[in-house]
Amino acid sequence: MGGRGRGRGNAVSFNIEQLGFGRGEAGPVSVTQPPPLFPSLENRPLPLIKDVENEYILVTQKDLSTRMRNSPFYLKKSENPSYEKELPVLWNRMPAELRETLPKRLATGNSKVTLNAKKKKVEDPDKIFAKLEKKERNESEVEEDGDGKEDEDDQDKSDDEKVENEDDVEEDLDEEMDDHTDYANNYFENGEAYLEDEEGQDDGEAQF
Amino acid sequence: MSSFTLGHFSQVCSQLLNHYYGEIVGQVGSYLLRRGNRMLNDIPTATGLSIREVKKALAVMIQHNLVKFQASERNNNVAEYTMIHHNVYCLIRYPKYLYMIKRIYGTSEEILLEILLNLGQASASNVIFHSANRLNEANVLSPSALHQSFQRLAQDNFIIRCPKLAENATLLKVPTLEIEEKEKFAVPNVEIEPIARMLKEKATQLGGHCDSEIIWRVNHERFDIELRNVILVNAAARRVDTTAGELYHLILKLWRESSNPDSPVTTPVSYNVIKDAVRKNDSSPILLEHFDHYLRVLYEDSAGLIDRAGDAGGGQFNLDYSKVFENLACASLDSIVLERFGSKALRLFRLTRIQKFMEQDQMQNVAMIPAKEAKMFTYKLLEHNFLQIKELKKGTSNFAPVKSFILYHVELPQVVRTTLEASYKGLFNAMVRQMHDLTENQRLLEKHAMLESMLERLKGDGVPDEEIAELSDTMPPAEKSLVEKIHLMSDNLTLGQTQADETILILESYLKFKSKEL
């Protein structure tokens with residue numbers, strides 16, 4: 001407070017006149033509450049333009065809304081998950097991770113399956129060879145713990161490409177599922193994206 | 001685009017997604033609009049949706065050019081998804097697109113565009129097939145005529161080819177898409193035969209076809225240019241007259257053909273070229289006769305619709321987008337100030353805007369408004385951010401109190417941005433209100449719609465009038481008038497949204513060209 005208004009400190013730094021009102025008049029109204037949610041409209045707005053273009057737009061807009069709402073692209077909640085029509089979307093132009101919602105147990109003639117079948121063929125010879133070798137060794141050691149070898153086999157499988165595993169011959173999948181758990185797959189961490197449908201709900205939790 | 005501020009704009013976008021694609025897409029879209037690039041696994045936890053729903057929502061949005069994806073840097077097998085803000089906003093302009101196409105070309109092109117808008121991305125054959133199906137009631141058009149219409153749309157760049165899968169894309173988890181410049185508008189050979197056959201068999205789907213890998217989508221940039229041109233032509237027609245509008249339309253076409261679409265200034269076009277175009281174009285006789293006068297009036301006008309850039313070839317003329325949109329934006333702001341505060345406030349606003357920096361005393365003297373009123377309006381404009389203050393201190397001596405000058409000015413980009421936000425907010429409010437009205441009275445509206453369609457059918461079947469009157473009395477007049485009211489309100493809200501969108505276009509264009517010139 002002391003340093004302000006140098007020299008003759010009596011005069012204040014602004015002119016009363018400059019503020020815009022004389023001595024006797026009231027100052028500006030002080031704000032005591034937040035502005036109203038719906039401030040009153042002082043001037044009525046101009047009427048809306050209604051010409052040929054806007055008439056057309058009105059009709060088209062309603063038409064478009066109805067069409068979009070009835071189109072298969074309009075996603076509603078609480079769809080029966082067992083009955084689901086496939087989205088008429090160009091799947092081959094999208095990341096693979098989006099395609100995995102297709103009911104793959106009942107493999108319909110998807111391009112995805114054929115694609116992976118090709119991949120499988122490319123990688124199989126080496127893997128098959130390794131598997132056959134292992135099986136030979138297993139058979140020769142009969143007394144060995146069956147579980148141990150099974151684990152190795154499973155490890156082989158899980159070390160493969162995730163995709164390959166997914167679209168392996170359906171019998172494989174059924175074999176694993178027959179025990180009513182995906183234990184064999186989950187035991188070796190395959191990452192969150194693998195078999196997303198059921199396990200996806202447990203995001204974050206450890207999988208046992 | 002960085003010129004959008006995400007507050008109200010993203011609200012408008014969420015509302016649009018909800019309206020056209022449903023709640024699930026709306027929620028996923030809102031999340032991506034707020035958060036930018038995200039991977040698939042981040043979305044279910046944040047939105048509370050199941051992963052299956054999220055995947056479908058993303059697929060729908062990618063299909064409709066609302067979301068783009070890229071392989072994540074950390075892991076090539078996973079994609080990062082980003083919203084394409086501008087395309088989401090353009091959902092509101094679809095009826096305008098259809099109107100423009102209908103006006104420039106005709107019904108078959110309009111239907112082709114509508115089908116493409118509905119499908120998002122589709123091959124030419126598919127679009128032609130579905131359009132023919134849609135038009136088949138009239139049994140007028142054959143697929144080959146539609147094919148020609150399709151080519152016309154591609155030639156004028158209203159539709160564009162989507163990038164195609166790169167060669168090794170099928171092996172990648174996240175496909176890469178690429179396209180060359182020259183392929184963007186090239187229409188492939190379309191086999192008409194199979195389409196015609198499928199139509200005869202009343203099939204609902206076109207099976208495999210030869211051009212199924214060549215996918216098309218709507219070219220939003222081209223429509224933006226067209227919308228801007230409409231605004232400019234209307235401006236020319238309003239300032240002079242309709243013939244001037246015609247002339248301006250022609251000149252715009254010449255500029256578009258010769259200029260780079262991204263540059264803020266068009267390449268100059270010479271007088272002789274314009275004259276030739278006018279003659280060739282079969283324009284009205286008035287234009288041919290008074291061509292000189294019209295051109296002169298347009299380029300001498302202060303709105304900057306045409307600039308004279310040189311004298312070669314009888315005169316060189318070009319268009320500076322930043323200047324003309326600055327003028328248009330100012331005109332919009334003026335009109336807003338006028339309607340909200342009155343003509344005295346408008347005088348103050350225009351004065352300050354043109355004179356750059358003014359003191360309060362100066363303002364009230366030059367504008368010839370009594371002091372008290374001037375002060376009140378100045379304060380109001382300041383409060384609503386149409387005016388800005390700059391304080392200059394003039395501390396000369398150590399003994400006299402420090403005098404400070406308060407200068408008022410209009411900082412145009414800031415005022416435009418504030419008004420733009422307010423427009424988005426108004427647009428959002430109108431949409432929410434409309435949605436509310438329609439869902440609240442949904443049962444009543446559906447009942448009314450069913451009744452109407454039933455009455456139509458009976459009338460068509462030749463049922464006597466008394467029975468029809470009896471049936472229509474099942475709905476009491478009170479309900480009928482309520483339905484009327486709801487429809488009227490809904491229509492007014494749609495019109496309001498359309499007009500707000502026009503203002504938004506002008507203000508956005510100003511900001512866009514301003515940032516380009518810097």
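Which residue of chain B forms a salt bridge with K62(A), and how far apart are the closest N and O atoms? I looked this up first: the partner is D491(B), at 3.3 Å. A salt bridge here is a side-chain nitrogen of Lys or Arg within 4 Å of a carboxyl oxygen of Asp or Glu.

A note on the source: this is a predicted model, where local features need pLDDT of at least 70 and side-chain atom pairs count only at pLDDT 80 or more, while totals for chains, interfaces and linings use all residues. Residues are numbered from 1 along each chain as its sequence is written, chains are lettered from A in the order in which they are written, and side-chain values use heavy atoms, without hydrogens and water.

Next I checked the interface. I found 2 salt bridges between chain B and chain A. In contact (heavy atoms within 4.5 Å) are 73 residues of chain B and 57 residues of chain A.

Then I turned to cavities. A cavity is a set of points on a 1 Å grid over the protein atoms alone where a 1.4 Å probe fits but cannot get out, and lining residues have an atom within 4 Å of a point. Which residues of chain A line the largest cavity? I noted I57(A) and Q61(A), and the lining from chain B includes K96(B) and D501(B). α22(B) gives the largest share, 4 residues; helices are DSSP runs (H or I, at least four residues), numbered from the N terminus. The largest cavity lies between domain 2 (92-218) and domain 5 (415-515) of chain B, because both give residues to its lining. The domain bounds come from an automatic or database assignment.

Methods: On a 1 Å grid over the protein atoms alone, a cavity is a set of points where a 1.4 Å probe fits but cannot get out, and a pocket is an open set with protein on both sides within 12 Å along at least five of seven lines; lining residues have an atom within 4 Å of a point. Helices (H or I, at least four residues) and strands (E, at least two) are DSSP runs, numbered from the N terminus.
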